[in-house]
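Trainee: I would like to learn how to read salt bridges and a chain interface. Please take me through one example.

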Amino acid sequence: MIDAIRRRLEAGDRLSGEDGLALLRHPDVVAVGQLANEVRERLHGDRTYFNRNMRLEVTNVCVASCLFCSFAKLEEGAPGAHTMPLEKAWHELEIRMDDPPSEIHVVNGLHPGLPFSYYEDLLSGFKRIKPDIHLKCFTAVEIHFFAQHYKMTHREVLERLRLAGLDSLPGGGAEIFHPEVRSRISHDKATGDEWLEVHRVAHALGMRTNATILYGHIETFEHRVDHMLRLRALQDETGGLQAFIPLAFHPDGNGMKNLPAPTAIDALRMVAVSRLLLDNVPHVKAYWVSMTPEVAQIALRFGADDVDGTIVHETIYRAAGSRSPGALTTEQLVRLIQEAGRVPVERDTLYNVVREHPRAVLPEAAFKVRDRKAARHLEVVS
Amino acid sequence: MSALTDAAIDRAGLRGVLEARRAGRIDPAAADHLRSADLLALGALADCVRAEEVGDEVAIYTRPAAVDAQVVVVPCEGRELTGLELLREVAVARVSGPRGVRVRVDWTRCGLELAQIALGFGANELAGQIANKRGLPMAEDEKLGVVGKKSRLEPAETVKRRELEGFVRRSGRTPRFDEEAIR
């Protein structure tokens with residue numbers, strides 16, 4: 001079976017849903033990784049991307065009751081609930097202006113009591129502090145909530161937020177699109193179709209977005225494949241997705257804490273299969289917060305070409321029991337990539353190259369038999 | 001072995017190593033060649049050798065276990081390895097060690113995540129003390145809450161052993177707790 005899939009990939013044929021299922025079920029994850037690695041190297045060579053970003057969750061008050069969430073609090077005033085005053089949110093950027101991030105990534109709960117102007121002011125305040133900062137803020141679930149709550153269309157919400165400074169959308173909130181799963185784990189927020197529609201509108205407005213999947217809970221392999229095929233269809237239509245990010249479910253402190261967390265093998269398999277199935281999405285991220293930096297490093301050999309960024313402030317995964325550190329420095333990310341024998345490329349949010357780092361003289365790099373492109377990349381190091 | 005794996009082994013120039021090993025010739029000097037081979041091809045080779053020589057079972061040691069000439073422990077004491085280096089060490093130990101060598105991964109030194117991945121690169125034993133989230137040994141009478149249809153308390157060791165079994169099974173292998181070898 002895997003040989004037939006390889007022949008189809010070599011012929012440039014698109015993989016089917018059945019192929020995706022076969023890859024998810026294939027007992028030899030290293031073989032699946034080999035296939036994905038070939039595609040990854042064909043697309044990107046050894047280049048591996050990261051950026052200097054800062055995560056911020058300005059409120060965890062949320063009217064939705066997603067079973068997998070350990071972060072949200074149902075109402076203001078509940079133990080652990082917080083909503084940042086705007087000055088405090090802006091301060092998080094101000095205190096980092098000696099070595100500023102190039103991107104702020106904001107994800108929040110669905111707060112029923114804030115005026116829409118709170119979000120507009122949040123964005124415009126960041127731009128006042130650093131006009132060239134890229135604001136990748138609000139998941140499609142939040143955009144849909146804003147549309148319902150403030151009685152606007154998706155387009156109107158996005159246009160107003162863009163005027164305030166919004167540049168792109170993150171990929172969160174996708175979870176699993178299939179209603180059989182979505183209705184059980186997150187029944188009271190945007191449906192899969194609504195999530196896709198928000199991204200469709202954003203792409204029509206010229207914005208770039210990302211996409212995620214939350215895997216390893218009650219979904220089946222069929223649901224995962226269905227999810228990826230829906231994204232592939234959207235990308236065929238709009239071309240606006242930049243990266244796909246598989247997110248592992250973490251069970252601590254949420255409504256599905258009786259389930260085991262997906263393992264490292266599951267993480268590598270998801271990275272590999274998504275690289276193979278999503279042939280029209282340029283980048284697949286090994287999100288180190290979700291899978292630990294150690295496994296993310298290995299995922300760079302299983303199809304991933306991006307490790308996300310410095311993060312600084314992530315709280316959603318930490319609330320769910322992630323053992324990853326809260327932040328990595330640029331130096332740590334560069335080393336993590338170099339140790340994998342890859343070439344670190346610092347990018348901005350839109351994948352423009354900020355700086356290409358050298359391939360390291362480290363054991364794993366020295367071991368590599370292959371490579372031709374790498375030398376050429378090194379020539380452009382500043 | 002799939003044709004894909006076969007081709008990867010060929011492309012990496014590892015065919016000779018596999019055939020020599022099958023013929024009973026183990027060249028320790030081959031380790032140098034293995035250290036420069038493509039990692040995933042080497043992993044595929046090591047996994048193939050592992051399946052042929054020691055089968056699918058994974059022995060799990062949760063208390064100090066004997067180490068003799070047939071056992072290679074990775075990572076070895078006092079050596080810091082990246083995840084990829086660890087996988088290579090495991091694969092090299094499998095392919096260049098004596099026939100049927102027991103390649104043991106100490107999860108207390110590399111974490112359970114990497115230990116699980118190493119099972120796909122030639123490892124056939126896992127070892128380490130069962131510990132709590134802070135890395136401290138479990139007390140004998142320690143209990144952990146188990147959430148399910150009926151929440152209950154179970155001995156911590158039972159819960160942790162079940163987790164270990166799950167790790168092994170989800171990598172497609174068969175776990176076996178090895179109590180006899182405990183010293």
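Mentor: Start with one side chain. Arg200(A) is partly exposed, with a relative accessible area of 25%. On this scale buried means under 20% relative accessible area, exposed means over 50%, and partly exposed lies in between (1.4 Å probe, protein chains only). The model is predicted: local features need pLDDT of at least 70, side-chain atom pairs count only at pLDDT 80 or more, and totals for chains, interfaces and linings use all residues. Residues are numbered from 1 along each chain as its sequence is written, chains are lettered from A and ligands numbered from 1 in the order in which they are written, and side-chain values use heavy atoms, with hydrogens and water left out.

Trainee: Which side chain does Arg200(A) meet in a salt bridge?

Mentor: Side chains of opposite charge can pair when their charged atoms come close. The rule here asks for a side-chain nitrogen of Lys or Arg within 4 Å of a carboxyl oxygen of Asp or Glu. Arg200(A) meets Glu197(A), at 2.7 Å from N to O. Glu197(A) is partly exposed too, at 31% relative accessible area.

Trainee: Where do Glu197(A) and Arg200(A) sit in chain A?

Mentor: Both are in helix H9 (residues 192-204) of chain A. They are 3 residues apart, so about one helical turn separates them. Helices are DSSP runs of H or I with at least four residues, strands are runs of E with at least two, and both are numbered from the N terminus.

Trainee: Are Arg224(A) and Glu219(A) buried or exposed?

Mentor: Both are buried. Their side chains form a salt bridge of 2.8 Å, N to O.

Trainee: Which residues are joined into one network by salt bridges that share partners?

Mentor: Arg6(A), Glu10(A), Glu38(A) and Arg11(B). Take the pair within chain A. Glu10(A) bridges to Arg6(A), with the closest N and O atoms 3.5 Å apart. The two lie 4 residues apart in helix H1 (residues 2-10) of chain A, about one turn of the helix. Glu10(A) is exposed at 54%, whereas Arg6(A) is buried at 14%. Now cross to chain B. Glu38(A) pairs with Arg11(B), with the closest N and O atoms at 3.1 Å.

Trainee: How many salt bridges are there between chain B and chain A?

Mentor: The count is 2.

Trainee: How much area do chain B and chain A bury between them?

Mentor: The size of an interface is often given as the accessible area lost when the parts come together. Here the two chains bury about 2,800 Å², 61% of it on carbon and sulfur atoms. That is the accessible area (1.4 Å probe) that the two parts lose on being put together, summed over both. Leu4(B), Leu40(B) and Arg170(B) supply 25% of the area that chain B buries against chain A, more than any other three residues.

Trainee: How many residues does each chain bring to the contact?

Mentor: Chain B brings 32 and chain A brings 36. Contact means heavy atoms within 4.5 Å.

Trainee: What about chain B itself?

Mentor: Chain B has 8 helices and 7 strands. Of its 183 residues, 52% are buried. Among its contacts with a separation of 6 or more, 66% join residues 24 or more positions apart.
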